[in-house]
Amino acid sequence: MSAKLLLDAAMPPLTPDKRYIVVRGRLWRAANPHLEPSERDRLVTALMTARRAVRTARAAGDPAAEEAAHRAVDAAKVALGERGPVWWTDGAPDLNRRMARNTAYADWFAQLSGKATEAGDA
């Protein structure tokens, strides 16, 4: 299997409107697709650095450093558009953390789930 196929298989599904990724049936707000690629890369790097800082602080038993690292994670996620105000402008509600089957994405998700089951049966 090619590296591209492995990467695609590992990527969570993205809703047709690109607002959410789906992980274990739950919607999670996706990063703003309108960010410049260089800005997105910078923010993702900051997010990963902050996540490593959380792990390091937790392992060291340093609650102040852990809290600061959590704030850095939150700031990066807000800047990416994954938290905070929604990045779309059509007035659609934020369905973050809801089960896809209980939202307007239910039919799309059911088709997606059916394809995954069929692929697993092959």
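Helices here are DSSP runs of H or I with at least four residues, strands are E runs of at least two, and both are numbered from the N terminus. This is a predicted model, in which local features need pLDDT of at least 70, side-chain atom pairs count only at pLDDT 80 or more, and totals for chains, interfaces and linings use all residues. Residues are numbered from 1 along each chain as its sequence is written, and side-chain values use heavy atoms, with hydrogens and water left out.

**Whole chain**

Start with the protein chain as a cartoon. Four helices and two strands make up its secondary structure. Their order along the sequence is α-β-β-α-α-α. Of the 122 residues, 25% are buried; that means under 20% relative accessible area, with exposed over 50% and partly exposed in between (1.4 Å probe, protein chains only).

**The hairpin**

Select residues 20-23, strand 1, together with strand 2. The two run antiparallel, joined by four bridges. Strands count as paired if DSSP finds at least two bridges between them. Two residues separate the strands of this hairpin, and Arg24 in the turn has a positive phi of about 50 degrees. Next, show Val22: Leu27 in strand 2 stands opposite. Now look at the two faces of strand 2, residues 26-29. Leu27 and Arg29 are on the covered face; Arg26 and Trp28 are on the uncovered one.

**Thr15**

Step back to the loop between helix 1 (3-10) and strand 1, and pick Thr15. Is Thr15 buried or exposed? Thr15 is buried, at 2% relative accessibility. Its side chain makes a polar contact of 2.6 Å with that of Asp17. A polar contact is a pair of N or O atoms within 3.5 Å; within protein, one must be able to donate a hydrogen and the other to accept it, and residues adjacent in sequence count only if both atoms are side-chain atoms. A polar atom of the Thr15 side chain also lies 3.3 Å from the backbone nitrogen of Arg19. Beyond neighbours within four places in sequence, Thr15 is in contact (heavy atoms within 4.5 Å) with Tyr20, Val22, Leu27, Tyr105 and Trp108.

**Aromatic rings**

Show the rings of Tyr20, Trp87, Trp88, Tyr105 and Trp108, which ring pairs link into a cluster. The structure holds four aromatic pairs. Rings of Phe, Tyr and Trp (its six-membered ring) pair if their centres lie within 6.5 Å; planes under 30 degrees apart count as stacked, over 60 as edge-to-face and the rest as tilted. Trp87 and Trp88 are edge-to-face, because their planes stand at 85 degrees, with centres 5.1 Å apart. Both of these residues, Trp87 and Trp88, are buried. Tyr105 and Trp108 are also edge-to-face, with centres 6.5 Å apart and planes at 75 degrees. Tyr105 is buried, at 11% relative accessible area.

**Salt bridges**

Finish with the charged side chains. There are eight salt bridges, each a side-chain nitrogen of Lys or Arg within 4 Å of a carboxyl oxygen of Asp or Glu. In helix 2 (residues 37-60), select Arg42 and Glu39, three residues apart and so separated by about one helical turn. Their closest N and O atoms are 2.8 Å apart. Move to helix 3 (residues 63-80) for Arg71 and Glu67, four residues apart. Here the closest N and O atoms are 3.5 Å apart. Then select Lys77 and Glu82, whose side chains meet at 2.4 Å, N to O. Lys77 is buried at 13% relative accessible area, and Glu82 is buried at 17%.
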